[in-house]
Amino acid sequence: MIRTYRGSCHCGKVRFEFTTQPIEKGLRCNCSLCIRKGAMMTPLTIPPENFRLLTGGPDLRLYQFGEKTARHYFCAHCGVYPFHQPARAPTHYRANLGCLEGVDPSRLEADLFDGRHLL
Ligand SMILES: [Zn+2]
């Protein structure tokens, strides 16, 4: 089964949607960046053909560090992280579950990606 999820940053300038399997748990990462953001992410990466940025392209800022493979986006106005492109699948996306309509990450369990040691 495939579902469509819609998401936005806090101020609403950045809006996006994607299709994936129903989100029943999240993923956390303990790399030096994610441990600071504290966000819970989609458990699966989203291939580019299933991901659409609806608005806010010019409002997105890019942050990169280390090998500069992963692309970490944030909204220039509200600072929220809506999604990123992970180092291990740089054309794919993971989204911030807290940005999604109909998803309450505070009610979901999360797996841990050991980015501190694997990235
Ligand atoms: Zn924003």
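1. Helices (H or I, at least four residues) and strands (E, at least two) are DSSP runs, numbered from the N terminus. On that basis the protein has two helices and nine strands. Along the sequence the pattern reads β-β-β-α-β-β-β-β-β-β-α.

2. The model is predicted: local features need pLDDT of at least 70, side-chain atom pairs count only at pLDDT 80 or more, and totals for chains, interfaces and linings use all residues. Residue numbers start from 1 along each chain as its sequence is written.

3. Overall dimensions come next. The radius of gyration is taken over C-alpha atoms, and the globule rule is 2.2 Å times the number of residues to the power 0.38. For 119 residues, a compact globule would have a value near 14 Å; the protein has 13 Å, which agrees. Along the principal axes, the C-alpha atoms fill a box of roughly 30 × 30 × 25 Å.

4. Now burial and contacts. A residue is buried if 20 or more other C-beta atoms lie within 10 Å of its own, exposed if 12 or fewer, and partly exposed in between; C-beta atoms are placed from the backbone. Of the 119 residues, 29% are buried. Two residues are in contact if their C-beta atoms, placed from the backbone, lie within 7 Å. Take the contacts between residues at least 6 apart in sequence: 56% of them join residues at least 24 apart.

5. A nonpolar core is a set of buried Ala, Val, Leu, Ile, Met, Phe, Trp, Tyr and Cys residues joined through C-beta atoms within 7 Å. The largest one here has 21 residues; F18, Y93, A95, L97 and L100 have the most contacts inside it. Two elements give two or more residues to this core: β2 (15–20) and β6 (71–75). β6 gives the most, with three residues.

6. Which residues does F18 touch, not counting those up to four places away in sequence? They are Y5, I46, N50, F51, R52, Y93 and A95.

7. Two strands pair if DSSP finds at least two bridges between them. Three strands form an open sheet, ordered β1-β2-β4, with antiparallel pairing. β1 (3–8) and β4 (51–55) stand at the edges with a single partner strand each, so one side of each has no neighbour in the sheet. Neighbouring strands are turned by 20° against each other on average, direction ignored. Here axes are lines fitted to C-alpha atoms, for helices over the stretch in contact, and angles run from 0 to 180 degrees between N-to-C directions. Four bridges hold the antiparallel pair β2 and β4. R15 stands opposite T55 in β4.

8. β6 also pairs with strands. Four bridges join β5 to β6, antiparallel; L60 stands opposite C75 in β6. Two bridges join β6 to β7 (residues 83–85), again antiparallel. In that pairing H72 stands opposite H84 in β7.

9. G26 lies in strand β3 (residues 26–29). Is G26 buried, exposed or partly exposed? It counts as partly exposed because it has 19 C-beta neighbours inside 10 Å. Beyond its neighbours within four places in sequence, G26 is in contact with M40, M41, P43, L97, P105, L108 and A110.

10. One backbone point: K68 has a positive phi of about 60° although it is not a glycine. K68 sits in the loop between β5 (60–63) and β6. K68 counts as exposed because it has 10 C-beta neighbours inside 10 Å.
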